[in-house]
Amino acid sequence: MKRAVLFALATAALALGAAAQKSAPPKPATPPPPAATSTAATSTQPGAPAAAPAEPQTKPGQYIGVASCANSGCHGSTQPLKEAHVLQNEYYTWLSNDRHAGAYNVLFNERSARIGKNMHLKKKPYQEGVCLDCHSTNVPAKLVSGRIDVEDGVQCEACHGPAGGWRAEHTQTGWTHEQSVAGGMIDLRNIPTRATTCLSCHLGNKTREVDHELIASGHPILAFELDNYSETMPAHWAPHKDTHGVPAWAAGQAIAFRDSLDNLARHARGDKWPEFSDMSCFNCHHSLDSGPARQERGWPGRAGLPSWSPQHWAVLRLIIGHSDSSGRAHLDDLVEQIASRVSRMNDPNGVATAAEDARRTIDAIIPKMAKMSWKDDDVRAMMRTLTGDEEFILHSDVASAEQTALALQSLAANLARNNKALLKSPMTQAIDALFAEIQNRDHYDPARFAQKLQAVRSTL
Ligand code: HEC
Ligand code: HEC
Ligand code: HEC
Ligand code: HEC
């Protein structure tokens, strides 16, 4: 099962982290510098004159570093505390179990060294901005007023935003989440904001991405699904029913598609065209042995042209179709234009225009999707739709199949929240079997995956 696989990976990463300790020691849970410790005790007297000179010079937009969150009276308790509305052991959870804390350490492993060599990087991967942008909290020095250590990897502020404008204030009685957000905190309770934050590293954006050059050099292919990946992180938050679960899954699909269209339009308008990571890998990378299967399937356009990868549209089209069939038809047209233009590669402006059109349409429906309400029956109906999508699966790629599997797993996990027995049911086993099919991408067979989808359907 994916989560089991993720867990194994996490354990391996911890081991790797331990191996890399010599050069990159993870931060021990030491008390933060004195300047940062004063807030918890004095926070109820914001005007107290004694505290003022000890405060670091921070302002909105300034990064101050994980040490200033890690005080045991703040977020550095080893156990969840009951005094505040948050758990207060967030730092401990992140440091001991979260892959993000070790994200810098992986830049010391052999795979990173190979990527660096293939990309002809001048410095070591752990010194290169192109890697640090996603594997650390790599912000310009002028935005740092505390202490940012690259070794801290993806630390609190990489997700929650620069704390200079709210760190000292947010422990004061009566201070609200909205006030923190106004001071520069990223509002992760807002599903679209959270999705864009995660996707900035897990899909890439205009400042950083895992393109075909990185992949060809040895970087793993990135896959992401908001609900699944949020729940896979060791939770350092108290459960918020309305910001997690199926609404996050649905809106997360739309945001991933929107952000992938931004990337596509940018590639097409820039000098990085054609960018092969926008396409289905196996159109270009496969052995010729299994040729007859492709010849039976046939080609949508001219035989042999590589296809645009529909991975971010694969699941979303079913969610949109569920509630808005004319919206779906309009997007189907735009997607067809994108696909045929990407495939021919000779009309980058046309690619960008179609991508920008589709992007606008998607953007307009995102707020609606984040507010959709899902009863268990709706979730089951969506699972039936996903498992009945055989035609699409047969004509698309392994990355799209992976999105279908992640979607089914996420929806099943949401059903299991109200019915624990489902965790060990034939349905769960049938979904695990989908992951087994996509684990070895080189031998992915759409027809076999479609059969396994039928098997999931028969358990619903
Ligand atoms: C756009 C963001 C991004 C960039 C740029 C990036 N990475 Fe990654 N990298 C990731 C993410 C996200 C993962 C985790 C993928 C997953 O498991 O879903 C990852 C995983 C990895 C892994 C495998 C992790 C492991 O535990 O072995 C290695 C190695 C790696 N990256 C090295 C590099 C190197 C070296 C560079 C620079 C040349 C780099 N990365 C640039 C986002 C990025
Ligand atoms: C990889 C991204 C990421 C990192 C790194 C991260 N967090 Fe979070 N954090 C989240 C997400 C996602 C939530 C849940 C937000 C929601 O759904 O309301 C959250 C929630 C929280 C909450 C509860 C907030 C609330 O609105 O109820 C606190 C407190 C918190 N994080 C503190 C920390 C601290 C301290 C660190 C560093 C030690 C940290 N986080 C690192 C992603 C992250
Ligand atoms: C600053 C970049 C960055 C941001 C922002 C970020 N991540 Fe990550 N994430 C990474 C990197 C890099 C890795 C890989 C670390 C490793 O291999 O040790 C990773 C790993 C993960 C993993 C483990 C994946 C696996 O294969 O086991 C999960 C789950 C995850 N991230 C979820 C999230 C979620 C959810 C968010 C948003 C709330 C988020 N991430 C935000 C960079 C980021
Ligand atoms: C339009 C064709 C095309 C597409 C699509 C494409 N690639 Fe490539 N890729 C190439 C070519 C050409 C090379 C160089 C091959 C060589 O030098 O042997 C290459 C090299 C590679 C390499 C390094 C060489 C090797 O065989 O290990 C990897 C890994 C790779 N691509 C992975 C991918 C992945 C993953 C995707 C999808 C995200 C993808 N490629 C999409 C054409 C493509």
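Among contacts in the protein chain between residues at least 6 apart in sequence, 71% join residues at least 24 apart. Two residues are in contact if their C-beta atoms, placed from the backbone, lie within 7 Å. This is a predicted model: local features need pLDDT of at least 70, side-chain atom pairs count only at pLDDT 80 or more, and totals for chains, interfaces and linings use all residues. Residues are numbered from 1 along each chain as its sequence is written, while chains are lettered from A and ligands numbered from 1 in the order in which they are written.

The protein chain has 21 helices and 0 strands. Both are DSSP runs numbered from the N terminus: helices are H or I with at least four residues, strands E with at least two. Of the 460 residues of the chain, 38% count as buried. Buried takes 20 or more other C-beta atoms within 10 Å of the residue's own; exposed takes 12 or fewer, and partly exposed lies in between, with C-beta atoms placed from the backbone.

Start with ligand 1. There are 26 residues around ligand 1, and Arg111, Ser112, Pro125, Cys131 and Cys134 come nearest. A residue is near a molecule if its C-beta atom, placed from the backbone, lies within 6 Å of it. Helix 4 (110–118), helix 5 and helix 8 (191–202) each give two or more residues to this shell. Helix 5 gives the most, with 5 residues. By class, the shell around ligand 1 has 14 nonpolar, 7 polar and 5 charged residues. Here Ala, Val, Leu, Ile, Met, Phe, Trp, Tyr, Cys and Pro count as nonpolar, Asp, Glu, Lys and Arg as charged, and the others, Gly among them, as polar.

Gly153 counts as buried because it has 28 C-beta neighbours inside 10 Å. Leaving out residues up to four places away in sequence, Gly153 touches His100, Ala101, Gly102, Ala103, Tyr104, His135 and Ser136.

Ligand 4 has its own shell. Its surroundings include His212, Phe276, Cys284, His285 and Pro306. Helix 9 (212–216) and helix 12 (281–284) each supply at least two residues. The shell around ligand 4 divides into 8 nonpolar, 4 polar and no charged residues.

Now the helix packing. Two packed helices are described by the angle between their axes and the distance between the axes. Axes are lines fitted to C-alpha atoms, for helices over the stretch in contact, and angles run from 0 to 180 degrees between N-to-C directions.

Helix 15 (residues 325–344) and helix 16 (residues 348–371) pack at about 155°, with axes 9 Å apart. That angle makes helix 15 roughly antiparallel to helix 16 (under 35 degrees is roughly parallel, over 145 roughly antiparallel, 65 to 115 roughly perpendicular and the rest oblique). Among the residues making the contact are Leu331 and Arg341 of helix 15, and Ala354 and Asp357 of helix 16. By class, the contact has 10 nonpolar, 5 polar and 2 charged residues.

Helix 17 (residues 376–387) and helix 19 (residues 398–418) also pack at about 155°, with axes 10 Å apart. That makes helix 17 roughly antiparallel to helix 19. Asp376, Val379, Met382, Met383 and Leu386 in helix 17 meet residues of helix 19 including Leu408, Leu411 and Asn418.
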